[in-house]
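Hi,

Here is the model I promised to pass on to you. Have a look at it first, and my notes follow below.

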Amino acid sequence: MDDPGERAFVERLKAGDEKAYETLVREYSGRMLAVARRFLRSEDDARDAVQEAFVSAFRAIDRFEGGARISTWLHRIVVNAALMKLRTRRRRPEASIDELLPRWKENGHPVDAPTPWSAEKLVQQDQLRRLVQEGIDQLPDSYREVLILRDIEELDTQEAAETLGISANAVKTRLHRARQALREVLDPALKESV
Amino acid sequence: MLTCRELADFLMAYLDEELPDEQRSAFEEHVRICPPCVHYVDTYKETVRLGRDLCGDAAEGPPPEDVPEALVQAILEARKRG
């Protein structure tokens, strides 16, 4: 962190300046809520995760060394808070992803031969964003969280593995299946009309 | 010769350049003669791009302004309680 303004701001936080805390919350809560919403389907859970993330950050501010920007530091904290929340919500065994994966004949050919996607449909940004978000929401949690960390949060395989407490190989396997499943979910809406 | 199913299984490793030379050649040979697999590879890559471009920070632009004041106050209260 080489921004003198940000360094001074962190010093105010460390000194317990309540005005600085309010600025921190007002400045960063919007972005943090957006991140929490990616992981958590319930708005109440997303807000709880943001609150829990700020409480963790307040407790840890004395140990914040300034190696990262505040925004990056808070981002990591809210990702962890959202993942923690997701785990506590996972009371029942999750649905299998198999239903969403491509289907194959015994000879290894696809049951439904893939066709191109429509360039026209791929430029309708707002509709497309909703479609992709709804598609991601259909994935079982253990696949969805890997896809979000790798393809949306853009963590590398090792970082995602450490964040989730699973092996790098498990991250790769789940990511590939999650992408395949998402492709299947999007396919009917995006393929070229015949 | 790879089957279409094997090609789909190896696709991520191929894109990440993690396939050994022999498998890589078999993959590319299959793609040369199988149009449906070309479409599969293209739409798989498009799926990854859509997630990154439409759902990440860059797509969301400025932070949402719909943070409820009640949430801000709850966080500040939690701060005061320590």
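**What I found**

The largest nonpolar core has 49 residues, and A:Ala36, A:Ala53 and A:Val78 touch the most other members. By such a core I mean a set of buried Ala, Val, Leu, Ile, Met, Phe, Trp, Tyr and Cys residues joined through C-beta atoms within 7 Å. Buried stands for 20 or more other C-beta atoms within 10 Å of a residue's own, with C-beta atoms placed from the backbone. Elements giving two or more residues to this core are H2, H3, H4 (70-89), H5, H6 and H8 of chain A, along with helix H3 (35-55) of chain B. H2(A) gives the most, with 9 residues. Helices here are DSSP runs of H or I, at least four residues, and strands are runs of E, at least two, numbered from the N terminus.

This is a predicted model: local features need pLDDT of at least 70, side-chain atom pairs count only at pLDDT 80 or more, and totals for chains, interfaces and linings use all residues. Residues are numbered from 1 along each chain as its sequence is written, while chains are lettered from A and ligands numbered from 1 in the order in which they are written.

Beyond its neighbours within four places in sequence, A:Val78 is in contact (C-beta atoms, placed from the backbone, within 7 Å) with A:Met32, A:Val35, A:Ala36, A:Ala49, A:Val50 and A:Ala53. A second, separate core of 8 residues includes B:Ala8, B:Leu11, B:Phe27 and B:Tyr40.

Chain B has 5 helices and 0 strands, and 18% of its 82 residues count as buried.

Best wishes

Terms used:
Buried ≥ 20, exposed ≤ 12 C-beta atoms within 10 Å, placed from the backbone. Contact = placed C-beta atoms within 7 Å.
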